[in-house]
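This report is written for a reader who meets the structure for the first time. Please keep the sequence and the model in view while reading.

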Amino acid sequence: MRGAVLACGLALAAATAEANDQAAGERLAQTACAACHNVGRAGDSPAPDARPFRDIMSILSGEEIEADLRAGLPIAHKRRIVAPYPVSEASNLYAYMRALAAEIAD
């Protein structure tokens, strides 16, 4: 029993360590979002109706974004996310979006 508890604790610690990783969030944005959204610091989005990532934080709260990513919801646009993201990936993507918005605001 203690072994199972220890294994769960180690898995949770590893998942927590991976969460909020801006570099991992940027990689995810490049592979999963960049077809429609500009995920960088400047420029327009490839899809005219898709807001650049740097602007999304000004219209949605972080909690909304992270929860919608985890649920696979469309996050205030027409296209549905293909699959729900694990908590760590949703946290990473949100961490990247938050850092990008803060960098632009400075």
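How many salt bridges does a search of the whole structure find? The search finds one, a salt bridge being a side-chain nitrogen of Lys or Arg within 4 Å of a carboxyl oxygen of Asp or Glu.

## Basis of the model

This is a predicted model, in which local features need pLDDT of at least 70 and side-chain atom pairs count only at pLDDT 80 or more, while totals for chains, interfaces and linings use all residues. Residues are numbered from 1 along each chain as its sequence is written, and side-chain values use heavy atoms, with hydrogens and water left out.

## Overall fold

The protein chain has five helices and zero strands, where helices (H or I, at least four residues) and strands (E, at least two) are DSSP runs numbered from the N terminus. Read along the sequence, the pattern is therefore written α-α-α-α-α.

Of the 106 residues in the protein chain, 34% are buried, a word that stands for under 20% relative accessible area, with exposed meaning over 50% and partly exposed in between (1.4 Å probe, protein chains only). The chain exposes about 6,600 Å², of which carbon and sulfur atoms supply 58%; these accessible areas come from the Shrake-Rupley method with a 1.4 Å probe, and for residues only the protein chains shown count as cover. Among contacts (heavy atoms within 4.5 Å) with a separation of 6 or more, 49% are between residues 24 or more positions apart.

Leaving aside residues up to four places away in sequence, M97 touches F53, I56, M57 and I65. In soluble globular proteins, nonpolar side chains tend to be buried together.

The salt bridge joins E103 to R41, with the closest N and O atoms 2.6 Å apart. This pair links distant parts of the chain, since E103 lies in helix 5 and R41 in the loop between helix 2 and helix 3, 62 residues apart. E103 is partly exposed, with a relative accessible area of 40%, and R41 is partly exposed as well, at 41%.

R70 has its place in helix 4 and counts as partly exposed because its relative accessibility is 37%.
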